[in-house]
Amino acid sequence: MHMKTVLILLVLALATIFALVCVLLTRGRAPSTCQHQPPEQEDPDDGQSLVFADLTPEELAQVVRYLQGNLGVQLVDASRAKPSDNCIASVDVQVPAKAEVLRFLDGGGARPRREALAVLYFGNQPDPNVTEYVVGPLPTPVYHRDVTVQKYGGKVPYHRRPVTGKEYVDINALIQRELRKAPRFLAACCESDGTDLAILTTAPRGFKSGDRVTWFVLFRGVAGTGYYLSPVGLEVLVEHGDLHVSRWRLRKVFYNGQYFASTGDLEHAFESNLLEVVRIEKPQAEAVLGSMRPRRPPGTPGPLQYEPQGPRYSVRNNRVTFQGWSIAFGMNPNTGPRLFDIRLRGERIVYELSLQEALALYGSNCPGGMSTRYFDGSFGIGRFAYELVRGLDCPYTATYVDRHYLVESETPKTNQNSLCIFEHDAALPLRRHFSDSHSFYYGGLRKNTLVIRAVSTLINYDYIWDFMFHGSGAVEVRVHATGYISSSFLHGRGTDYGNRVGPHTLGTMHLHHIHYKVDLDVDGQLNSLETQDMEYELVKDPWSMQHTIERPYLRRERLEREGEAAFLLNTPMPRYLSFTSSKPNKWGHLRSYRVQIVSFAGEHLPHSSPMERSISWGRYQLAVTQRKEEEPTSTSVYNQNDPWTPTVVFADFIDNETITNEDLVAWITVGFLHVPHAEDVPNTVTVGNGVGFFLRPYNYFDEDPSVNSPDSVYFSGEQDAGACGANLLACLPPAAACAPRLPPFRYGGFLNL
């Protein structure tokens, strides 16, 4: 045989052997089901959701450049601005009017102009004030208009502005100078010269409009641990309202139950043996109260949630879709997470779902603790939503999204990976039934939920904000509180206001109240409010007239006015309260969505308090009002520093207008009373500290919409339940071999601190 022919046959034989080996090697491996399957695109991504999108870093920078060149005043970067300077406080998206947006989304109208809302502090003016401008159109602005008077009925006084980081720096410098006047006292009480003490602000700041006088509480600061559990008993009152920092003064000193006019007087009392000093030794880092350092070596890894074929949801720009759901998401730097245009099967259910405010109100027998009412929106709920820790804050394989903001700076900043989106297996059936009579079968559906989550760290507390979308058509909103408790120095009758949780630490009682705006559009914009509850009626038995029976019946009521739909906190309200459309479902009932609240709120501030109107939203567990463009939020960042003359008063929204066939908004308050205890050290746990509400379909559909889920399981007694063709769960063993390649763990959350 010719040598060339032999070589050709040999090559063919080797190729055949190679092909057979490849076939044999692939036998028994996970099938092609391990390949990533992109989620089914339920509707085209046409970019409509961008009408709600947060501003990009490029847009933020363009607005800053425009303001610098077109206001005719000198602007100083807010990160170094003195109170007597002009500066840009913040820039955020200006969401267009709802009517304009709906014409674009639903009526084929023009895309609304993209605009920004810029907040400026004008300290270098004869009449210092806070001014808000709408700037547009983006991306290349050519105009600005002052909307302050339109929004608030007048100029915003300068003293109402939130405290900036630079102002805190200057206050800390003042306190350090004052502490140097009491060296012997500090050495005796705290083994300190004052420079290693942490200083914590309180709020509000004074007793009347125009005040800017703040108590600051001093704690032992140990690197790597939370100082909030280590008060040293020293608190100082600083007056910092003057435009000139040199005129700021320390007005009062408190230590261990006694008040002094100055740190010099404190030092004199110490030297004269007129002061009871509690010596607090400097602890080692590993022994400090509240240390979160691990006490045991790592164990074996816990369960890991992953998607065998990749995520079943889709995230494009600011929009996420999942099994019929469609949600536009964003983050307000002040008020935090905000969702828009929530649809199921293409039908809008909620136009806006947004966090409004988080209140923490404390009690104590120390001045800082007893006067604290934190309105967290004024500090920045969205701004302080930092990077999430993969595998702990959210599932390791969740989708992580960056958020951009511009606050107290002329340069945009990014909190990378600060919002996460994932599908959550609750390890609980959404519904199920095992039939053991007439016929034998099993049917059920896992409770898989789409979750949008962010976590805000507001000084000591960490709030976990969850927005969850269920296959049943329900929307669940939930907040958990964790992080460190705030504390006071234990003295006198301190335990009247909390529990002792350390050698000198009083865990101070407080309440957390959270407020949300829910603009429901149930089968259209025009809705009414209907309640249902049960009562008993005593009737004679039709088949035995000498006997009676207590028969429950359904009491239905249509609420006509806003006053009827304002339900005070901690008072009974109807168990079923629904936003109804005027259109019936297949069975003749009005299509509706029910509001169901889960809350353990504390008591609202008494109406007699001079600052109650600033948080008057907290009067109500639920209030339903007509939607108005001039009532976009229930509070204002300016309320914190002037709660005595609040810029926005929610109670004024309730003016008894009709709520029949109107565009309605539900304003919902949830919360809980927290009395700290030993188990709150080192941190408050999320177990039992979660509250929220549901929006549940109520005759909105003709049947449970989850019947269309591809995850449904059904098999009968005559079927082989172990066959993949008969039972979806039998297909899981090969799918379980599709373990994902996890991305390497990285974290950059400390970059913007």
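Trainee: How many salt bridges does the structure hold?

Mentor: The structure holds 47 salt bridges. Keep in mind that this is a predicted model.

Trainee: What makes K98 and D519 a salt bridge?

Mentor: Their closest N and O atoms are 3.0 Å apart. The cut-off is within 4 Å, for a side-chain nitrogen of Lys or Arg and a carboxyl oxygen of Asp or Glu. K98 and D519 therefore form a salt bridge.

Trainee: Is K98 buried or exposed, and how do you know?

Mentor: K98 has a relative accessible area of 2%. Buried means under 20%. So K98 is buried.

Trainee: What about D519, buried or exposed?

Mentor: D519 has 0% relative accessibility. That is under 20%, so D519 counts as buried.

Trainee: Which residues are linked with K98 and D519 in a network of salt bridges?

Mentor: The network also takes in D521, R627, E629 and D663.

Trainee: Why can such side chains pair at all?

Mentor: Side chains of opposite charge can pair when their charged atoms come close.

Trainee: How do you know that R160 and D642 form a salt bridge?

Mentor: The closest N and O atoms of R160 and D642 are 3.1 Å apart. With the limit set at within 4 Å, the pair therefore qualifies. R160 sits in the loop between β5 (156–157) and α5 (165–179). D642 sits in the loop between β31 (620–626) and β32 (662–674). The two are 482 residues apart, and the pair links distant parts of the chain. Both R160 and D642 are buried.

Trainee: What makes R591 and D523 a salt bridge?

Mentor: The N to O value is 3.3 Å. The cut-off is within 4 Å, so the side chains of R591 and D523 meet in a salt bridge. R591 is in strand β30, residues 590–598. D523 is in the loop between β25 and β26 (526–541). They are 68 residues apart. Both R591 and D523 are buried.

Trainee: Let us turn to domains. How is the chain divided?

Mentor: Domain 1 covers 48–160 and domain 2 covers 165–272. Domain 3 is made of 319–390 + 412–698.

Trainee: How do you know that domain 1 and domain 2 are in contact?

Mentor: Contact requires heavy atoms within 4.5 Å. Ten residues of domain 1 are in contact with eight residues of domain 2. The C-alpha centres of the two domains lie 36 Å apart.

Trainee: What area is buried between domain 1 and domain 2, and which residues of domain 1 supply more of its share than any other three?

Mentor: About 680 Å² is buried between them, with carbon and sulfur atoms giving 64%. P83, S84 and H159 supply 61% of the area that domain 1 buries against domain 2, more than any other three residues.

Trainee: How many salt bridges and polar contacts are counted between domain 1 and domain 2?

Mentor: The salt-bridge count is zero. Two residue pairs are in polar contact, both at pLDDT 80 or more. The side of domain 1 that touches domain 2 has five nonpolar, four polar and one charged residues.

Trainee: Why is S49 called buried?

Mentor: S49 has a relative accessible area of 6%. The limit is under 20%, so S49 is buried. S49 is in the loop between α1 (3–26) and α2 (57–70). Not counting residues up to four places away in sequence, S49 touches N318, R319 and A328.

Trainee: Why is N570 called partly exposed?

Mentor: N570 has 41% relative accessibility. Buried is under 20% and exposed is over 50%, so N570 falls in between and counts as partly exposed. N570 is in the loop between β28 (566–568) and β29 (576–584).

Trainee: What is the phi of N570?

Mentor: Phi is near 60°, a positive value in a residue other than glycine. N417 has a positive phi of about 50°, and N417 is not a glycine. N417 is found in strand β18, residues 413–437.

Trainee: Which residues does a cis peptide bond join, and what is omega?

Mentor: P139 lies in the loop between β3 (129–136) and β4 (143–146). The peptide bond from V681 to P682 is also cis, with omega near 5°. P682 is in the loop between β32 and β33 (690–698).

How values were computed:
Residues numbered from 1 in each chain as written. Predicted model: local features only at pLDDT ≥ 70, side-chain atom pairs only at ≥ 80, totals over all residues. Heavy atoms only, no water. Domains from an automatic or database assignment. Buried area = accessible area lost by both parts, 1.4 Å probe. Polar contact = N/O pair within 3.5 Å; in protein donor to acceptor, adjacent residues only side chain to side chain. Nonpolar A, V, L, I, M, F, W, Y, C, P; charged D, E, K, R; others polar. Helix = DSSP H or I, 4+ residues; strand = E, 2+ residues; numbered from the N terminus. Buried < 20%, exposed > 50% of the residue type's maximum accessible area, 1.4 Å probe, protein only.
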